[in-house]
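Visitor: I am new to this one. Can you show me how to read it?
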Amino acid sequence: MMLRIDDLRVFRDKTYVLQGVSLDVPQGEIVALIGANGAGKTSMLRTISGLLRPESGRILYKPHGNGEEIDISRVSAEQIVALGISHCPEGRGIFSRLSVRENLMLGAYLRKNKQAIEQDYRRICGVFPILAERARQTAGSLSGGEQEMLAVGRALMSRPRLLILDEPSLGLGPIIIENLFNILHDINAEGVTILLVEQNAVMALDYSHRAYVLENGRVTLSGPSRELARDEKVRSAYLGGG
Amino acid sequence: MNIQYIAQQIVNGLILGSMYAMVAIGFSMIYGIIRLINFAHGDVVMIGAFLTLGLLQVVGAPLPLVALMVLAAGAVIGILIERAAFRPMRGAPQVTGFIASLAVSIMLQNLGILFLTAQPRNFAFPGYLQKVIHISGVSFRMVDLVIMMCALSLMCALMLLVNKTRLGMAMRATAENIDVARLMGININRTIMATFAVGSALAAIAGLMWGGKFGQIDPLLGFIPGLKSFVAAVIGGVGSIPGAIIGGFVLGLSEVLFVGLLPPIYSAYRDAFVFATLILILLILPNGILGKKMGERV
């Protein structure tokens, strides 16, 4: 397991937003986390990347296949980035006053090797040609879809082993979503493990290997995505019909 | 009233404006990064002025060296203030930080009175700086020229720092979204500390300029530059560095022109005029001249 979350409890605004969540992210897979608004999905991701501190529980992360597990539940956000976890936040979190290139370079903020950074920059511009075209524009001038590409590209600039995405499809049209998920699939095929939060359960279950359903801060269902997509409860609650 | 007279007033306004701008930059940077209205910022000007006085007249160091030392000391003071007063308030409502900054300001002023006495002290730069220069009817002292050159070169250095370096990029990212900056791996505590260091260094050097320009300093001198740089920062669009520079010059120029061009009986109203200018500009441009909408952070 690359990431093992064990009985995680997070307290915020006078309530427990996560009340004892356990989930596993195996190395090399795409894992989807689905659930309604307010189920605790975003809090889950923010706790993994160190923006929120859990009350109790452990987040065990194994950066290398046969290396040691470390509990990152008390590690600072910037150190977690250095360990190879990249979090593409809710609402994209683009620095709208900075240029597109600066946004991408911030993704590589902790890396030292300038040549390798430049190489990755060109690679990401190859995946998202629009970013190369708009390199000098302020990121705020991009369309929603372009901003999503920028956010994903920026998250990749840190060369993550685990990529965390919070609702990448939010506010995008169906063609762009399809395109985006194909890119995520390719990224995963190159060896990056992905943990994905999605409201768009159809896409999420279609592209992921396994999925967890979160309700009111608890995992209520989990399993291989293909099986969940056939599950009656999931179909009626998240896939729009029976 | 002739053209030379007006030119003279404009020169005076630019000199005053460059000092306001030096203080306003730090004020605006600090607001930009942690949304803190820092009323202790003006008191760093006072500390800078007294440090200059001590180094020049007690130690007898040469002026360029004094300037470098004042810059460095200003940076250290900024870091200490942030560490002691503002870091513990991180995440608290905006008004908490504002009140903390008032407390720091009052404390610094009273420490000044305690150790330095409230008695104003004469402040004199070496003789060569007092020389008056005349250029086609406009006259200014050497010290004014030094203030302008010093202010302009520091502004250029600052723009390079903010726009071209890794630290500057981290500062801009943190100012825009602190959480996402952390997700990039930026150490925000260090970035905020650096912002205080840079802003306070500029305020301290403004103290050196203030003393040289007006020739007298006392422990309460920071209040007026603090307040006016706040006005300058708001006029320019708080959070924006070019805005703070423009705001400083707009304020300095309009203040001097007001005093210089209207009949002398109105000159006592110069501070009232400063705030009237603020109100007028905010009525037309609610976010200041270069301000972006400073709404909620998304």
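Guide: Start at the end of a helix. This is a predicted model. In it, Arg35(B) follows helix 1 of chain B.

Visitor: How do I read the length of helix 1 of chain B?

Guide: Compare its reach with the span expected at 1.5 Å a residue. Helix 1 covers residues 3-34 of chain B, 32 residues. From first C-alpha to last it reaches 45 Å, close to the expected 46 Å.

Visitor: And how far does helix 6 of chain A reach?

Guide: Helix 6 of chain A has 13 residues, 144-156. Its reach is 18 Å, close to the 18 Å expected.

Visitor: Is helix 6 of chain A mostly covered or mostly open?

Guide: To judge burial, count neighbours: a residue is buried if 20 or more other C-beta atoms lie within 10 Å of its own. In helix 6 of chain A, 11 of the 13 residues are buried, so the helix is mostly covered. Among them are Glu146(A), Met149(A), Gly153(A) and Leu156(A).

Visitor: What covers the buried residues of helix 6 of chain A?

Guide: The cover includes strands 6 and 7 of chain A. It also includes helices 3, 4, 5 and 7 of chain A.

Visitor: How many residues of chain A are in contact with chain B?

Guide: Count each side separately. Here 19 residues of chain A are in contact with 14 of chain B. Helix 2 (77-82) and helix 3 (100-107) of chain A each supply at least two residues of chain A's side. Helix 2 gives the most, with four. By class, that side has 10 nonpolar, six polar and three charged residues.

Note on methods. Residues numbered from 1 in each chain as written. Chains lettered and ligands numbered in written order. Predicted model: local features only at pLDDT ≥ 70, side-chain atom pairs only at ≥ 80, totals over all residues. Contact = placed C-beta atoms within 7 Å. Nonpolar A, V, L, I, M, F, W, Y, C, P; charged D, E, K, R; others polar. Expected span 1.5 Å × (residues − 1). Buried ≥ 20, exposed ≤ 12 C-beta atoms within 10 Å, placed from the backbone.
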